[in-house]
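Here is a protein chain to look at alongside a short briefing. Please keep the sequence and the 3D view open while reading.

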Amino acid sequence: MKKIVLSFVCVFITCMVSHAQGVKFESGTWEEILTKAKTENKTIFVDVYTKWCGPCKHVSETVFPQEKLGDFYNPLFINFKIDAESPAGKEFVKTYPVTGYPTFFFIDGNGKVIHKIVGARDADGFISEANMISMYARHGGIDNMMAAIKNGTASKELLYDYYTSANEKNKPVALNLYLKSLPTKELIDVDNKLIDEISLYDKELMTRLVEEIVKFSHGEKFNDKEFVGRYSFNIVFPVQYDITTFLEKSITEGNLEWFNELLELKEKFNHYTGRLLDGDLNIQRGRGIFFATPEYIKLCYWTKNRTNEEGFRDALTTYMDKLIRENHVDSLIKEDQNGTLKIIKEAGNLKGQMKFVASFLLDAGNVTAHNITNWTHYFWKLSPSDKKTKELCTQWINYAFNINRFNDRVAVPAADVLARIGNFKEAKLILEKAIASQKELGNDNPQVYKKLELKLRDIHNHKR
């Protein structure tokens, strides 16, 4: 009986192994493989490898044996492996040159290369590449498809296929092309989740999105508060976030053309009936500079890229004068009115949900405080080192610190700038206030105090 059971188990395992296989590679000459592909109207997948290539061995031993890859590749392709250093391989690479190993080709029955991959992939990567090949076949081949995309005659369906099948490199472009092909109703539909996937700046697409959103916001549907909430979350906020992302990138890269275009888009958004500004003192890193004034954003660009020196000096002086005049508060937190701050002070060592709430409160003004510090430092570099300039810069730095004296990350850079302009007295005062503020909160983090106290020591010794 045991023998019968054992035999049954062996047969069962053998059947399972034979069924669960990875990519099945054909044997034969290259000419035979071409003939078979042409006869069966299939594409050939070719793995060009060498025996000494580590990535080649990795793919062969760990990727190609995976069942999910075999299930995908075996019905679609004639799979073929060839050692590039064998006699047949040397002939093969004369016709199909390679620049590294492993190299993978997708070739039709006439010997024409449809697609080429250099370097190893995981199973999902190979499946993504195969999806591209299947897509080419559905639309009359890669040449016809790419020609339609290039000349603007591609259908919405073709562009959707292109997007869903595109590899990581091509996906951002493919997504933008597909979105631009959509009629307005579909483009800004509240359930169009692809809006949230935009990652590549496209002036035409972004302009259309902004114009259609603004137009839609003046329609009857915007009387429905529940709908407006969904629409804002799914469509408006992602577009605003994209503009923020692209603005920040244009600043980082010094791309003035993009920067000006994006400021124009932001201006178009002024006609939107929903919320548009947080106020420059309330800019948050997660929401970004879309919600700041254009004057604020220009100061960021000029400081980062060290351009328009005279315009920057005049603009910053005017901007800071207005900001301080219109915001008399010593702190964004408004300490005498803030119940949460009172609880934090009384609680001391914070834990759990209260610590989470406190992190948002104590981070208030962080972005703008640091920007004012950077602007002031650049202003000092561009201006005469006289008493008037020193007083002006000191006023701005003190204001940056007092935006939120409980934010322990502002005091050190603020003190650094004051030291650079030679005002060690004010630098010392800011650091002493910062230490006192942390004690007032009951902060028991020694690293916070160490950072502030080390900087205070340097300032005391007149080290810049």
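The points below cover a sheet, a pair of helices, the nonpolar cores and one serine.

This is a predicted model, in which local features need pLDDT of at least 70 and side-chain atom pairs count only at pLDDT 80 or more, while totals for chains, interfaces and linings use all residues. Residues are numbered from 1 along each chain as its sequence is written, and side-chain values use heavy atoms, with hydrogens and water left out. Helices (H or I, at least four residues) and strands (E, at least two) are DSSP runs, numbered from the N terminus.

**The sheet**

- Five strands make an open sheet with mixed pairing, in the order β1-β3-β2-β4-β5; two strands pair if DSSP finds at least two bridges between them.
- The edge strands, each pairing on one side only, are β1 (25-26) and β5 (113-118).
- In general, strands of a sheet pair through backbone hydrogen bonds, either parallel or antiparallel.
- β1 and β3 (residues 77-83) run parallel and are joined by 2 bridges; Phe25 has Asn79 in β3 as its bridge partner.
- β2 and β4 are antiparallel, with 5 bridges, and Asp47 has Phe104 in β4 as its bridge partner.
- β4 and β5 also run antiparallel, joined by 5 bridges, and Ile107 stands opposite Val113 in β5.
- The hairpin formed by β4 and β5 has 5 residues between the strands, and Gly111 in the turn has a positive phi of about 90°.

**Around strand β4**

- Helix α5 (residues 87-95) lies across β2 (43-49), β3 and β4 (103-107), at about 110° to β3. Axes are lines fitted to C-alpha atoms, for helices over the stretch in contact, and angles run from 0 to 180 degrees between N-to-C directions.

**A helix pair**

- Helix α20 (residues 411-420) and helix α21 (residues 424-441) have axes that come within 8 Å and cross at roughly 170°.
- That crossing makes α20 roughly antiparallel to α21, because angles over 145 degrees count as roughly antiparallel, under 35 as roughly parallel, 65 to 115 as roughly perpendicular and the rest as oblique.

**Nonpolar cores**

- The largest nonpolar core has 116 residues, and Ile243 and Phe269 have the most contacts inside it. A nonpolar core is a set of buried Ala, Val, Leu, Ile, Met, Phe, Trp, Tyr and Cys residues joined through side-chain atoms within 4.5 Å.
- Helix α12 (residues 225-253) gives the most to this core, with 10 residues.
- Beyond residues up to four places away in sequence, Ile243 touches Met206, Val210, Leu262, Leu265, Phe269 and Phe290.
- A second, separate core of 16 residues includes Ala37, Phe80, Ile82 and Tyr96.

**Ser181**

- Ser181 is in helix α9 (residues 171-181) and counts as partly exposed because its relative accessibility is 26%.
- Leaving aside neighbours within four places in sequence, Ser181 is in contact with Lys156 and Leu159.
- Ser181 and Leu159 are 22 residues apart in sequence, and their C-alpha atoms are 7.8 Å apart in space.

Technical notes
Contact = heavy atoms within 4.5 Å. Buried < 20%, exposed > 50% of the residue type's maximum accessible area, 1.4 Å probe, protein only.
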